[in-house]
Amino acid sequence: MILHHSIRSLAALILLTAFGCAEKIDSFEEYLEVAWRYERAGEPQQAIAAYQQALALDPAQPIAWYDLGVLYEATGRTDLALDAWNHAITHNPGYPEALVNRGSVLARQGRKELALADYSKAIMAAPEDFAARRNRAHLHWELQNFPAAQADFAEALRINPRDAETWFERGRLRLELNDWNRALVDFEQAAELDPANSIAWLNLAQVFTQLGQIPEADAAFRHAVELDPKLAEQRPATLPPPPGEAAPAADPVAATGFQRSSSSAPTP
């Protein structure tokens with residue numbers, strides 16, 4: 001799942017420049033500045049302490065709660081991150097980044113309906129939010145809401161048509177649904193945008209074989225093996241073996257982590 005990271009406004013960046021090094025810190029803004037300086041310097045514990053000081057002075061500031069949650073998550077304190085994002089959302093119910101991050105944690109915890117609600121609220125607040133769309137697509141996929149998953153993938157790709165990973169993931173979904181022609185389009189886009197993605201080339205080989213395009217399948221498989229020689233053991237069973245070799249018995253879809261049955265969608 002995609003998590004939003006800390007976002008700084010132009011005004012905040014100007015504030016950082018204007019304050020310089022204050023000898024005495026006695027305001028929310030100055031503590032916030034110090035927190036950002038520590039964060040940029042890669043000192044998360046000091047940044048956390050500064051955020052806490054800032055919020056002690058003004059606990060109704062959603063951006064400080066949001067940034068504090070990002071640091072808690074980055075340092076492995078997920079429960080504290082959730083609590084911080086809860087505060088951020090309490091003070092700004094339409095805070096898309098906080099909603100996406102909270103939804104991602106809830107999804108990992110198996111609280112999928114709550115996560116779905118957070119992603120939906122984020123999309124309502126910011127319809128062009130790529131992370132919210134893509135994360136909701138994955139969650140619909142896990143819940144086997146395949147039409148909804150495909151609709152969200154389509155919107156995510158409209159927002160960011162050059163995201164190779166999203167093309168690849170939608171291809172995986174279409175592979176799960178045995179929608180070979182559309183999976184082919186998605187894997188071709190993924191491979192074009194990220195030519196080093198060996199699994200995209202391997203999946204292209206699998207789809208080409210299903211469509212009976214054997215020369216194209218062989219070329220895609222050879223390219224996948226050039227990128228990752230370990231994939232040589234995953235030659236699609238429907239692709240004729242090299243001269244003098246027997247075809248492997250392993251199922252090619254299972255070998256790449258996918259399942260044929262539509263009764264169990266793979267977890268993104």
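Student: Is Gln144 buried, partly exposed or exposed?
Tutor: This is a predicted model, so the value comes from its atoms. Gln144 lies in the loop between H8 and helix H9 (146-159). Its relative accessibility is 37%. Buried means under 20% and exposed means over 50%, so Gln144 counts as partly exposed.

Student: What is the phi of Gln144?
Tutor: Gln144 is a residue other than glycine. Even so, its phi is positive. The value is near 65°.

Student: Where is Asn178, and what is its phi?
Tutor: Asn178 sits in the loop between helix H10 (164-176) and helix H11 (180-193). At 37% relative accessibility, Asn178 counts as partly exposed. Asn178 is not a glycine, yet its phi is positive. That phi is near 60°.

Student: Is His140 buried or exposed?
Tutor: His140 belongs to helix H8, residues 130-142. Its relative accessible area is 11%. The cut-off for buried is under 20%, so His140 is buried.

Student: Which residues does His140 contact, leaving aside neighbours within four places in sequence?
Tutor: Start in helix H8, where His140 lies. Then set aside the neighbours within four places in sequence. The contacts are Leu116, Asn145, Ala148, Ala149 and Asp152.

Student: What kind of aromatic pair do Trp141 and Phe153 form?
Tutor: The count of aromatic pairs comes to three. In the pair of Trp141 and Phe153, the centres are 6.3 Å apart and the planes make an angle of 70°. Planes over 60 degrees apart count as edge-to-face. So the pair of Trp141 and Phe153 is edge-to-face.

Student: How many residues apart in sequence are the parts that the pair of Trp141 and Phe153 ties together?
Tutor: Trp141 is buried, and so is Phe153. Trp141 lies in helix H8, whereas Phe153 lies in helix H9. The pair therefore ties together parts whose separation in sequence is 12 residues.

Student: How many of the 13 residues of H12 are buried?
Tutor: Helix H12 covers residues 198-210. Its buried residues include Ser198, Ala200, Leu202 and Phe208. H12 is largely enclosed by the rest of the structure, because the buried count is 10 of the 13.

Student: How far does H12 reach from its first C-alpha to its last?
Tutor: H12 has 13 residues. At 1.5 Å a residue, 18 Å is expected. The model comes close to that, with a reach of 19 Å.

Student: Which residue's side-chain oxygen reaches the backbone nitrogen of Ile199?
Tutor: Look at the start of H12. A side-chain oxygen there comes to within 3.2 Å of the backbone nitrogen of Ile199. That oxygen belongs to Asn197.

Student: Is Asp118 buried or exposed?
Tutor: Asp118 is found in helix H7. Leaving aside neighbours within four places in sequence, Asp118 contacts Leu99, Arg102, Gly103 and Leu106. Its relative accessibility is 2%, so Asp118 counts as buried.

Student: How far apart in space are Tyr38 and Ala49, C-alpha to C-alpha?
Tutor: Tyr38 is found in helix H2. At 31% relative accessibility, Tyr38 counts as partly exposed. Tyr38 and Ala49 are 11 residues apart in sequence. In space, C-alpha to C-alpha, they are apart by 9.8 Å.

Key
Residues are numbered from 1 along each chain as its sequence is written. This is a predicted model: local features need pLDDT of at least 70, side-chain atom pairs count only at pLDDT 80 or more; totals for chains, interfaces and linings use all residues. Side-chain values use heavy atoms; hydrogens and water are left out. Helices (H or I, at least four residues) and strands (E, at least two) are DSSP runs, numbered from the N terminus. Buried means under 20% relative accessible area, exposed over 50%, partly exposed in between (1.4 Å probe, protein chains only). Contact means heavy atoms within 4.5 Å. The expected span of a helix is 1.5 Å times one less than its number of residues. A polar contact is a pair of N or O atoms within 3.5 Å; within protein, one must be able to donate a hydrogen and the other to accept it, and residues adjacent in sequence count only if both atoms are side-chain atoms. Rings of Phe, Tyr and Trp (its six-membered ring) pair if their centres lie within 6.5 Å; planes under 30 degrees apart count as stacked, over 60 as edge-to-face and the rest as tilted.
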